[in-house]
Amino acid sequence: MIDYSPLPVLFRIGAIKVHSVGFALTLAFFIGFFLALSEIRRRELDPDDFKKMFLLIVLGAIIGSRLFFVIEHVKYFFEYPVEIFKIWKGGASSYGGFLGAFLFTFVYFKKRKLPFLAYADAVVPALCMGIFIKRIGCFLNWCCYGSACNLPWAINAGDFPRHPTQIYLALNGLILFFIFSKLKHEQRYSGWLLSRCLIVYGVSRFLIEFLRDSERYLFNLTIAQWASGILLVLTCLFIIGKKKQTR
């Protein structure tokens, strides 16, 4: 067991508190932007369209991640509705962020008649790196923690030893970053890299969720597990459709 003192406030600049979650998200977007921009240029896509896309990704991710988190913890926020707007205290769902970013950018690209999937493939490695950095912020803040366990690497942050699921999710993002940075050279059709990433992430996230201390609903599954299942079904249907087109 490892005793741990969370760092919800990473440091202070005068009277300003820099929260670990906010810092991690800012760093994730900053690093993700330059990683994705490099890939956009390598694929000879339009950097200006990507920059507009990135702004929509940020906006959609912030709104979607918070909204999804509120839905996941609806009982708490029903009692304390003001807390919904205190995003600096932590509480953001990766699936909500992905869905928000996807919807915002998809609508924009559809209206502009731009190749959405080509740009989406280009941002996959950056997205995985963003997951890694964001989950480090979750660990520092000590949110999104796991259930009780007695493993040697269990973390006791003040109540009892738990699975450090933030670290599991961070390592998952880092591994995916290296995998899809390698696979980006094996592009077979628009959406190929994105669909493979969603399959691997969906399966791994579904499994890690069994170790999370989250509210459970139908069939004793969390909202994130239901989201994983829906995402896997939709992605498989997309892959099947693409294979039929290429025959």
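Is Phe-210 buried, partly exposed or exposed? Phe-210 is partly exposed, with a relative accessible area of 43% (buried means under 20%, exposed over 50%, partly exposed in between, with a 1.4 Å probe and protein chains only). The model is predicted, so local features need pLDDT of at least 70 and side-chain atom pairs count only at pLDDT 80 or more, while totals for chains, interfaces and linings use all residues. Residues are numbered from 1 along each chain as its sequence is written, and side-chain values use heavy atoms, with hydrogens and water left out.

**Largest pocket**

- The largest pocket has a volume of about 920 Å³ (a pocket is an open set of points on a 1 Å grid over the protein atoms alone, with protein on both sides within 12 Å along at least five of seven lines; a volume is the space filled by probe spheres set on the points, which are joined across faces, edges and corners).
- Its lining holds 43 residues, and Phe-29, Ile-57, Ala-61, Gly-97 and Leu-127 lie nearest the centre (lining residues have an atom within 4 Å of a point).
- Two or more lining residues come from each of H1 (20-42), H2 (47-72), H4 (94-112), H5 (116-122), H6 (124-141) and H8 (192-208) (helices are DSSP runs of H or I with at least four residues, strands are runs of E with at least two, and both are numbered from the N terminus).
- H1 provides the largest share of this lining, 9 residues.
- By type, the lining of the largest pocket has 30 nonpolar, 11 polar and 2 charged residues (Ala, Val, Leu, Ile, Met, Phe, Trp, Tyr, Cys and Pro count as nonpolar, Asp, Glu, Lys and Arg as charged, and the others, Gly among them, as polar).

**Cavities**

- The whole structure contains 2 cavities of 30 Å³ or more (a cavity is a set of grid points where a 1.4 Å probe fits but cannot get out).
- The largest cavity holds about 60 Å³ of space, and its lining residues include Glu-72, Arg-212 and Tyr-217.
- That lining divides into 2 nonpolar, 3 polar and 3 charged residues.
- The second largest cavity has a volume of about 40 Å³; among its lining residues are Glu-72, Arg-135, Arg-205 and Arg-212.
- In the second largest cavity the lining comprises 3 nonpolar, 1 polar and 4 charged residues.

**Nonpolar core**

- The largest nonpolar core has 46 residues, of which Phe-50, Tyr-95, Tyr-119, Val-124, Cys-128 and Phe-180 touch the most other members (a core is a set of buried Ala, Val, Leu, Ile, Met, Phe, Trp, Tyr and Cys residues joined through side-chain atoms within 4.5 Å).
- H2 gives the most to this core, with 8 residues.
- Beyond four places in sequence, Cys-128 is in contact with Gly-173, Leu-176, Phe-177, Phe-180 and Cys-197 (contact means heavy atoms within 4.5 Å).

**Strand pair**

- Strands S2 (9-13) and S3 (16-19) run antiparallel and are joined by 4 bridges (two strands pair if DSSP finds at least two bridges between them).
- Phe-11 has Val-18 in S3 as its bridge partner.
- The hairpin has 2 residues between the strands, and Gly-14 there takes a positive phi near 65°.

**Two loop residues**

- Cys-149 sits in the loop between H6 and S4 (155-156) and is buried, with a relative accessible area of 14%.
- Outside four places in sequence, Cys-149 is in contact with Ala-154, Pro-161, Arg-162 and His-163.
- Phe-210 belongs to the loop between H8 and H9; apart from neighbours within four places in sequence, Phe-210 is in contact with Arg-216, Leu-221 and Gln-225.
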